[in-house]
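Please keep the sequence and the model in view while reading.

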Amino acid sequence: MDLDVFVTAHRAEWDRLDHLLHRGRRLTGAEADELVALYQRTATHLSLIQSTAPDPALTTRLTQLVARARATVTGARRATWRDAARFLTAGFPAAVYRSRRWWIPTAILSTLLAAVIGWWIGAHPEVQSAIAAPDELRRMTRPGGEYETYYSSHPAASFAAQVWTNNAQAAAMCLVLGAFLCLPVIWILFVNVLNLGVGIGLMSSAGRLDIFLGLILPHGLLELTAVFVAAGTGLRLGWTLIDPGPYSRRTAMAQQGRAALGMAIGLALVLFVSGLIEGFVTPSGLPTWARIAIGVAAEAAFLAYVYILGGRAVRAGETGDVDATDRSAELPVAA
């Protein structure tokens, strides 16, 4: 596209739109209709320029013009309780459902890796001695040791708040840092898997793996699922940078980034639930089977929420992105 010719052909329309916007509310019915038509055409012009002949100065001018026109056409929009309900019943579960091809393999591979690390550590005393001295290992794994008292060493409410904050930060980092070609996400995920594998290996070597699993499973099922969802979404975001599909890289990253932001909010709520379980259920005096049953029920409820509500929302056209009226105008640039 010859940018100079394109600008010459459409500058009068842009100037007219700018003039109408400065008029504000003093528009006749015909002028209001003209403003809407010019807004739609200018949004299309902006998409064409961004995808075929990006010019920083012209793109900035048209972006501002389109934003002002959209605000005038649609009016100021405020978030309502209906928006929150739509997010919880459609937007968030749909986003998790749509990214399942990323987080389910992430969960399977991570679980297998944790099991392998645990077996390797448990079966090789020399590896255990490299982790810590024998006396320190006994302090961690003995009855009433550090692995057991960790969950009851602080008041339940403050402990729940602490683990929720830490886990929410880890999930947010996976979502945000995915844009850096996936590498930070892989590292964060590996650190979590390594910690789990070390616990499995050390407690199994002491013959107390059942105690360890009884402490981990009540909250860990839901907590790890949330981490795997965040990691899978972060990896998907990083892959979008490599392969943006039928859209420009900027448009594709914007789409995935908006969905990831919503995922961060939704996963924070999921991790809040797992934090409550970790703070109040895991260290409780309930029988092991009851604590694990609570964890299994929470995990099953989340998966049903994703697959039932999320699947239904996706089939209805929900993508987990913001409303179309809140997005920038865009056009596909490849078949």
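The lining of the largest cavity divides into 4 nonpolar, 3 polar and 2 charged residues, where Ala, Val, Leu, Ile, Met, Phe, Trp, Tyr, Cys and Pro count as nonpolar, Asp, Glu, Lys and Arg as charged, and the others, Gly among them, as polar. Ala95, Arg98, Thr233, Arg236, Leu237, Gln256, Ala259, Met263 and Thr319 make up this lining, and the elements giving two or more residues to it are α4 (81–98), α11 (209–242) and α12 (249–281). About 80 Å³ of space lies in this cavity, and the structure holds 2 cavities of 30 Å³ or more. A cavity is a set of points on a 1 Å grid where a 1.4 Å probe fits but cannot get out, and lining residues have an atom within 4 Å of a point.

The model is predicted, with local features needing pLDDT of at least 70 and side-chain atom pairs counting only at pLDDT 80 or more, while totals for chains, interfaces and linings use all residues. Residues are numbered from 1 along each chain as its sequence is written, and side-chain values use heavy atoms, with hydrogens and water left out.

The unreviewed UniProt entry annotates "transmembrane region" at segments including 102–121 and 211–238; such annotations may be inferred rather than shown by experiment.

Note on methods: 1 Å grid on protein atoms, 1.4 Å probe; cavity = no way out; pocket = protein on both sides within 12 Å on 5 of 7 lines; lining within 4 Å. Points joined across faces, edges and corners; volume = space filled by probe spheres on them. Helix = DSSP H or I, 4+ residues; strand = E, 2+ residues; numbered from the N terminus.
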